[in-house]
Amino acid sequence: MMNNFRNLLIVSIFTILYITATAENRFHASMAVGAGFATGTFQQTDPLSIEAGFAQQGFTMNFDGDYYLHNRVALSARLHFGQASINEDAAFNWLKTKTADYYPIGDSVRTENGYWQWTSPMLGLKVNYPLILNKLYIEGSIYSGLSVTSNPQHYLRIIDEENKKEVISENVQDKHYSIPLMFDGGLRMKLNNQLQIRLYGSVYRSKSTYQHLIYSSSQASESTQLIGDFEVHKKISTLNIYAGIIYVL
C-alpha cells in the first residue's frame, strides 16, 4: 500500500514538473467587453412571479490574468463585471400587485426602478486546443468565486392626499453575496508574439436575496406602520458575448 502511494506521488511530482517545464509565455493579461442577455427567470416579466427578475440586455466586462502551467492549460484569475437594465413597466406592475389593496382611485403614485449590477472576483481553469498551430486556438474555461450583487431599486410611493397618509413599497438590503459559476467557450488568435485577440461566449449564474417592505406613514404622526415584509429570491442568469485583447507578458 505504501509503495503504491509512493509511486503515485513520484509520478505526480514528475508530471507537474514536466507540465510547468513545457509552458511558454507563462503570463497573459486580457480585457474583454461585451453584451449580456438575461435568460431564464431572470428575464421574466410576470408581475405575479416572485422569482421574475425583469432584467433586460446589459453590459459586461472581464479582466483576466492567466498563468500557463502548460501550453494547453492555465490557471486564471478573473474580475467579472455585469450590469442589466430593468423592464420598468414590468417592475411597476409587480409593485402594483403588492400594494393593490392600499390605494383608491385618484391617489398620486411615484415610482423608481434601478438596475441590476454585480462584481465577481473568481478563480478558474483555462484549456485550449490548436486549430492552426501557433495561430488559432479553440479555448474553454470554468470559474467560480464570490459574487457581490447590487440589488435593483424597486420603489413605489402612494400619496393619499385625502387621508394625509402615504404607503411605501420598497426593496431593502442593497448588497448580496453568493457563489457564482461561469463557463466560457470561444476562439483565440495570435496576432504576434505579444498580442492576441479572443472572441467568446459565456454563461454566468449566481443568486440574490433581499427584503421587500411595505409600510405606511401619516402626516399626523412621525411613526410608521409595517404592512408587509417578505423575502425575495432571484436567480441571476446571463448569456454573454465578448471581444477581447490579450497581452503576453
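**View 1. Contacts of Val203 beyond its neighbours within four places in sequence are with Leu181, Met182, Phe183, Thr238 and Leu239.** A contact here means heavy atoms within 4.5 Å. This is a predicted model, in which local features need pLDDT of at least 70 and side-chain atom pairs count only at pLDDT 80 or more, while totals for chains, interfaces and linings use all residues. Residues are numbered from 1 along each chain as its sequence is written, and side-chain values use heavy atoms, with hydrogens and water left out. Val203 belongs to strand β12; strands (E, at least two residues) and helices (H or I, at least four) are DSSP runs numbered from the N terminus. Val203 counts as partly exposed because its relative accessibility is 28%; buried means under 20% relative accessible area, exposed over 50%, and partly exposed in between (1.4 Å probe, protein chains only). In β12, Val203 is the bridge partner of Phe183. Val203 and Ile142 lie 61 residues apart in sequence, with 9.7 Å between their C-alpha atoms.

**View 2. Strand β12 (residues 195-218) pairs with strand β9 (residues 165-172), with β11 and with β13.** Two strands pair if DSSP finds at least two bridges between them. Eight bridges link β9 and β12 in the antiparallel sense, and Val167 faces Ser216 of β12. Strand β11 (residues 181-190) runs antiparallel to β12, with 10 bridges joining them. The hairpin between β11 and β12 passes through four residues. With strand β13 (residues 224-248), β12 forms an antiparallel pair over 23 bridges. Gln211 is placed opposite Glu231 of β13. In a regular strand, side chains alternate between the two faces of the sheet.

**View 3. Gln196 is a buried residue, with 3% relative accessibility.** Gln196 is part of strand β12. Its side chain makes a polar contact of 2.7 Å with the side chain of Arg188. A polar contact is a pair of N or O atoms within 3.5 Å; within protein, one must be able to donate a hydrogen and the other to accept it, and residues adjacent in sequence count only if both atoms are side-chain atoms. Not counting residues up to four places away in sequence, Gln196 touches Arg188, Met189, Lys190 and Leu191, together with His28, Gly244, Ile245, Ile246 and Val248.

**View 4. A nonpolar surface patch is made up of Leu75, Leu125, Val127, Ile142, Leu181 and Phe183.** Patches are made of residues with over 30% relative accessible area and no salt bridge; like charges are joined within 9 Å, and nonpolar side chains (Val, Leu, Ile, Met, Phe, Trp, Tyr) within 5 Å. A salt bridge is a side-chain nitrogen of Lys or Arg within 4 Å of a carboxyl oxygen of Asp or Glu. Together the six patch residues have about 470 Å² of accessible area, computed by the Shrake-Rupley method with a 1.4 Å probe; for residues, only the protein chains shown count as cover. Strands β5 (116-132) and β11 each contribute at least two residues to the patch. Leu181 sits in strand β11 and counts as partly exposed, at 35% relative accessibility.

**View 5. Strand β6 (136-145) pairs with β5 and with β11.** The β5 and β6 pair is antiparallel, with 10 bridges; within it, Asn128 has Glu139 of β6 as its bridge partner. Between β6 and β11, nine bridges form, again in the antiparallel sense. Ile142 is partnered there by Phe183 of β11.

**View 6. Asn134 and Phe54 have a positive phi although neither is a glycine.** The value is about 65 degrees for Asn134, which lies in the loop between β5 and β6. That loop is the turn of a hairpin with three residues between the two strands. Asn134 is exposed because its relative accessible area is 51%. For Phe54, phi is about 55 degrees. Phe54 occupies the loop between β1 (27-38) and β2 (55-70), and with a relative accessible area of 0% Phe54 is buried.

**View 7. The whole protein chain contains two helices and 13 strands.** The chain has 249 residues, of which 39% count as buried. Of its contacts with a separation of 6 or more, 73% are between residues 24 or more positions apart.
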